[in-house]
Amino acid sequence: MLLAVDVGNTQTVLGLYEYVADKKAEAGKRATVEPKLIFKSRIASAATDSTDEILLKLTGLFSLNGVDTSAISAVAVASVVPSLTEQWQEVALTLTDTKPLILTSSTPTDLSYRYSNPAEIGADRIADAVAAIHLYGAPVLVVDFGTATNIEVIDKEGAFVGGIIAPGLAISADALFAAAARLSNIAIEIPEKIIGSSTKGAVQTGLTYGEIDRIDGLVRRVFSELGYEASVVATGGLSHRVLELSGTITHVNDDLTLEGLRLIYEQQ
């Protein structure tokens with residue numbers, strides 16, 4: 001089984017893929033092996049965690065869900081937290097006795113770059129781009145709702161040409177609550193009405209619809225600069241609720257980064 005690990009600034013997403021031979025293969029032909037995501041969960045990303053602390057979290061979580069870590073044969077990691085990348089490499093060596101795939105811009109993939117310095121591109125952005133091209137074709141844009149809100153742009157030739165990085169919804173909310181003394185910590189939810197009839201409703205409208213309209217506006221500007229439109233896939237955060245409210249998002253896939261990691265692992 002393959003353990004795909006997406007180490008973000010706030011949370012680490014874990015996905016466990018099992019490879020099962022297709023029993024319907026015709027006689028005399030080699031059975032295809034189809035991956036199946038059998039387990040997915042999240043743990044907090046603590047930059048100070050040691051290898052042992054990560055292993056303790058991981059084994060406890062898997063045990064709680066009836067998953068045997070001894071069945072893990074490979075690990076693929078996309079990390080945007082440098083202090084945790086080395087720790088996850090040690091975790092992988094402990095679990096599998098083999099080096100993991102640590103995704104970087106120099107990892108061989110089908111993705112080409114038209115970017116001034118590909119080494120600057122976060123591993124999660126690379127995984128998102130690879131999965132988006134595979135699942136939705138090129139051109140395609142990825143809107144990733146995480147600690148930051150990222151928009152990745154893949155042109156019609158399938159090249160990563162760049163993107164947009166903005167403060168995420170949670171960061172915007174934290175900044176507002178910290179700077180405005182009379183505003184308490186309000187849950188981030190999409191209200192039914194635009195015009196808030198209470199302070200809570202007004203803040204929720206400003207945060208959520210403001211984020212949606214910012215994304216739509218930026219995506220339309222990207223279309224104008226490219227000279228053509230593209231599919232737009234959202235992942236993470238409020239992506240499922242945003243689909244019905246956005247004027248530009250066409251697909252939602254919460255497992256996009258994990259799928260990208262799986263595809264890149266298989267390409268190796």
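Isoleucine 154 stands opposite phenylalanine 160, a residue of strand 9. Strand 8 and strand 9 run antiparallel and are joined by seven bridges; strands here are DSSP E runs of at least two residues and helices H or I runs of at least four, numbered from the N terminus. The model is predicted, with local features needing pLDDT of at least 70 and side-chain atom pairs pLDDT 80 or more, while totals for chains, interfaces and linings use all residues. Residues are numbered from 1 along each chain, and side-chain values use heavy atoms, without hydrogens and water.

The open sheet has six strands in the order 6-9-8-7-10-11, with mixed pairing (two strands pair if DSSP finds at least two bridges between them). Strand 6 and strand 11 are at the edges with a single partner strand each, so one side of each has no neighbour in the sheet.

| Strand | Residues |
|---|---|
| Strand 6 | 112–113 |
| Strand 8 | 148–154 |
| Strand 9 | 159–167 |
| Strand 10 | 231–235 |
| Strand 11 | 251–252 |

Helix 3 lies across strands 6, 7, 8, 9, 10 and 11 and runs at about 135 degrees to strand 7 (axes are lines fitted to C-alpha atoms, for helices over the stretch in contact; angles run from 0 to 180 degrees between N-to-C directions).

The largest nonpolar core has 28 residues; Ile126 and Val130 are among those that touch the most other members. Such a core joins buried Ala, Val, Leu, Ile, Met, Phe, Trp, Tyr and Cys residues through side-chain atoms within 4.5 Å, buried being under 20% relative accessible area with a 1.4 Å probe, protein chains only. Helix 3 gives the largest share of this core, seven residues.

Definitions and conventions: Buried means under 20% relative accessible area, exposed over 50%, partly exposed in between (1.4 Å probe, protein chains only). Contact means heavy atoms within 4.5 Å.
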